[in-house]
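Subject: Structure for your review

Dear colleague,

Please find below the structure that I am handing over to you.

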Protein chains: 2
Amino acid sequence: MTSSAGPFRIGLLGHGTVGAALAELLPQRAAQIEHVTGLRPEIVGVLTRSRGDFEQILAASDLVVELIGGIEPARDYVIRAMRAGKHVVTANKQLLAQHGEELWAIARECGVQLRFEAAVAGVVPVIRVLQESLAAAHVERIHGIVNGTSNFILSEMARTGAAYADVLKEAQRLGYAEADPSEDVNGKDAAAKMAILARLAFDTPVHLDQVVCEGIERIGPDDLEYARDLGLGLKLIGTAERVDGGISVRVHPAFLYARHPLASIDGPFNAVTVESEAITEITMSGPGAGGPQTASAVLGDVISAMIPPASTPETSVRLEVVADVVSAFYLHMEVADTPGVLSRITGVLGEHGISVKSVVQKGLGDNARLVMVVHPVLESRFFAAVERIATLTELRTPPRAIRVIEEEFS
Amino acid sequence: MTSSAGPFRIGLLGHGTVGAALAELLPQRAAQIEHVTGLRPEIVGVLTRSRGDFEQILAASDLVVELIGGIEPARDYVIRAMRAGKHVVTANKQLLAQHGEELWAIARECGVQLRFEAAVAGVVPVIRVLQESLAAAHVERIHGIVNGTSNFILSEMARTGAAYADVLKEAQRLGYAEADPSEDVNGKDAAAKMAILARLAFDTPVHLDQVVCEGIERIGPDDLEYARDLGLGLKLIGTAERVDGGISVRVHPAFLYARHPLASIDGPFNAVTVESEAITEITMSGPGAGGPQTASAVLGDVISAMIPPASTPETSVRLEVVADVVSAFYLHMEVADTPGVLSRITGVLGEHGISVKSVVQKGLGDNARLVMVVHPVLESRFFAAVERIATLTELRTPPRAIRVIEEEFS
């Protein structure tokens with residue numbers, strides 16, 4: 001199927017947001033992929049509505065990536081690729097939720113891989129974890145936030161108190177919702193994803209039509225106010241669980257108690273919780289959509305189809321391991337409550353080029369507790385200042401420094 | 001290496017908490033594993049300090065599971081097993097953080113798999129995700145809570161306001177801390193895990209000795225009070241990140257801003273966040289220790305060594321997909337503010353056998369807003385009651401029902 005050395009040839013079906021992102025990402029990562037797999041991946045053909053010939057691309061490829069979406073012609077192409085002995089990677093949830101059993105049977109029959117991590121929750125690796133890490137686990141329940149658009153809308157309604165229709169408009173303006181958002185807000189998109197997860201978790205056929213489904217269109221600002229007052233989350237939740245010898249698969253809005261691992265998942269993120277007696281529970285979260293993110297999930301599948309499993313490749317670089325880095329700090333001091341103590345301490349910090357962000361001082365009889373947070377500084381320089389401060393006669397106990405991790409994504 | 005049908009023979013080295021849990025879990029899951037892989041796994045020999053012969057077990061095994069811990073004789077056994085052409089699954093973080101390059105080189109040379117998911121963060125599938133999903137990602141940073149004992153202690157200090165020494169004693173009593181907890185609380189255990197993660201993420205050799213390390217022994221109730229006042233988390237954080245063309249790998253206590261995905265990880269749980277430009281960030285969390293949990297991670301590795309990658313096996317059962325399930329509900333009603341309205345509504349609920357958990361009523365001029373939460377009930381029965389309530393003349397708008405997910409693990 002694949003040649004044992006040289007290029008690894010990829011046929012790309014579809015060139016929308018994800019397809020274009022993949023075509024951009026692949027050359028950037030090709031050298032690293034060659035290091036890991038021994039093969040250099042390259043896109044040998046792209047099929048769009050207006051250009052490319054499927055048969056020609058198929059003949060030239062070792063693996064086909066299907067990013068067309070919808071049922072036909074995607075289904076026909078995927079089947080023809082597998083029948084031709086090619087591995088297939090797809091992000092097509094609708095196809096798998098409606099024709100999964102047929103496609104998986106053909107993959108087994110033809111001895112090819114059919115991978116679909118990007119079909120559910122984007123870059124969140126829930127498919128791989130269910131198929132591999134938990135291949136023999138007795139899964140009891142899956143809860144998922146698997147539609148980023150509806151989660152973004154509910155998060156914004158909770159944050160601003162605005163009405164559904166207004167937040168939807170804002171989401172469309174920001175690109176978090178499509179011009180026609182129906183499938184996202186009525187739960188149908190999430191239902192397809194939950195059908196796939198239920199199939200894998202419970203090892204039983206599950207079709208999209210069997211998923212009970214309710215959307216977020218009727219949620220009002222009142223409901224989110226109630227949730228806030230009681231410290232609950234209100235989310236569009238997908239559930240797949242065992243009940244009385246059968247299973248239930250459904251998507252609907254739900255209040256979550258505050259400590260539920262999905263209650264704090266905000267904005268366009270996706271997250272999935274898998275429960276099983278032996279593992280207790282695993283939660284995974286990350287971006288559920290986006291071109292580069294979904295393309296990364298597709299690329300992870302492509303690489304897995306290229307490599308023998310679980311080799312830890314030789315290291316490719318020898319990076320210096322640096323001990324002295326930049327960090328913000330909290331500094332806790334017990335001091336004598338005398339005039340000038342604060343100025344002596346900030347003086348030492350200033351001499352070391354350290355800038356103070358905030359100070360809290362609490363009197364305790366003759367003593368005071370002084371807590372400072374300083375802006376990011378090279379650690380060695382900060383610790384030199386702390387060593388100096390420790391020698392001040394006003395210090396009652398050794399100062400205590402703890403690093404502060406500030407928001408890095410914004 | 002492995003026979004193409006029949007049993008898959010596992011040699012088990014070590015029979016402590018995890019080994020015993022694996023010996024119990026494997027027979028329970030053997031039928032499902034046989035369904036997935038076509039091979040029935042069985043433990044053919046167990047080596048402990050007092051019984052078993054390594055050479056004999058090795059000769060009888062297709063795969064060796066190493067759960068002895070420490071460097072020797074674990075290192076010697078793992079090398080001899082790989083040299084004999086056997087796959088190895090290990091949970092030994094010390095061994096990999098100190099001798100990983102040697103062992104991975106031997107695995108490549110001998111063409112066998114060396115898998116180690118259970119060595120870092122227990123059942124949280126971070127090793128698999130780094131090695132497979134993110135094999136070609138340019139990882140920028142990893143943050144991890146990878147020691148459950150220290151996280152449990154900090155969570156309890158935050159919750160109760162108690163001092164470190166008292167909480168440690170309580171953790172020992174509850175079995176969350178060992179009699180000698182040094183490696184857990186001084187950061188050394190976490191350092192070994194971060195060395196392994198850094199090696200995989202950055203594709204460069206990282207030895208345990210290169211990890212900068214500070215423990216939680218000096219954290220005081222004051223520090224946690226400060227964290228609570230400012231809405232911060234205070235955690236023992238492992239960091240591996242790129243800095244100026246090199247990398248930094250370290251473990252130390254740190255304050256986290258409230259929305260950091262690790263800030264809400266409490267108790268003995270572990271969690272890891274992986275950041276990269278293309279994927280933004282993925283967070284994974286779950287139990288970091290525990291016999292059955294760690295044994296599940298080991299078993300996931302064993303199964304992966306048995307199967308060809310990414311086959312979606314034929315379904316083994318046809319479970320009924322049930323539409324009508326039990327759920328708690330929130331019920332939102334706008335009603336005329338007249339005497340008796342509450343009693344009429346609760347009357348309908350009572351007739352349907354539905355029990356009310358809480359009621360909030362707010363006056364709005366002539367109208368009132370009534371929010372009820374009811375105890376779990378079969379959905380069809382609840383919706384029948386709602387249909388009846390909708391016909392009451394006091395209702396101003398159709399009632400709105402939203403499901404409530406209550407705490408399931410406690």
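In this predicted model, strand β15 of chain B, residues 400–405, is mostly covered, with six of its six residues buried. B:Arg400, B:Ile402 and B:Val404 point one way from β15(B), whereas B:Ala401, B:Arg403 and B:Ile405 point the other way. In a regular strand, side chains alternate between the two faces of the sheet. The residues of both sets in β15(B) are buried.

Which strands pair with β15(B)? One is strand β9 of chain A (residues 246–256), which pairs with β15(B) in the parallel sense over three bridges. Within this pairing, A:Ala254 stands opposite B:Arg403, a residue that points the same way from β15(B) as B:Ala401 and B:Ile405. Another is strand β12 of chain B (residues 326–336), which runs antiparallel to β15(B) and is joined to it by five bridges. Here B:Tyr330 has B:Ile402 as its bridge partner, and B:Ile402 belongs to the set that also holds B:Arg400 and B:Val404.

Chain B also contains an open sheet of five strands, in the order β2-β1-β3-β4-β5, with parallel pairing. Strands β2 (39–47) and β5 (114–115) of chain B stand at its edges; each has a single partner strand, so one side of each is left without a neighbour in the sheet. For β2(B), strand β1 of chain B (residues 6–13) pairs with it in the parallel sense over eight bridges. B:Pro7 stands opposite B:Arg40 of β2(B).

Turning to chain A, the division is into domain 1 (6–119), domain 2 (126–287) and domain 3 (326–404). The centres of domain 1 and domain 3 of chain A, taken over C-alpha atoms, are separated by 58 Å.

A:Arg128 is placed in helix α5 of chain A, residues 126–133. Is A:Arg128 buried or exposed? Its relative accessibility is 3%, so A:Arg128 counts as buried, the cut-off being under 20%. A polar atom of the A:Arg128 side chain lies 3.5 Å from the backbone oxygen of A:Gly300. Leaving aside residues up to four places away in sequence, A:Arg128 touches A:Arg115, A:Glu117, A:Ser133, A:Gly300, A:Asp301 and A:Ser304 in chain A, together with B:Arg128, B:Glu132 and B:Ser133 in chain B.

Yours sincerely

Terms used. Residues numbered from 1 in each chain as written. Chains lettered and ligands numbered in written order. Predicted model: local features only at pLDDT ≥ 70, side-chain atom pairs only at ≥ 80, totals over all residues. Heavy atoms only, no water. Domains from an automatic or database assignment. Helix = DSSP H or I, 4+ residues; strand = E, 2+ residues; numbered from the N terminus. Buried < 20%, exposed > 50% of the residue type's maximum accessible area, 1.4 Å probe, protein only. Polar contact = N/O pair within 3.5 Å; in protein donor to acceptor, adjacent residues only side chain to side chain. Contact = heavy atoms within 4.5 Å. Pairing = 2+ DSSP bridges.
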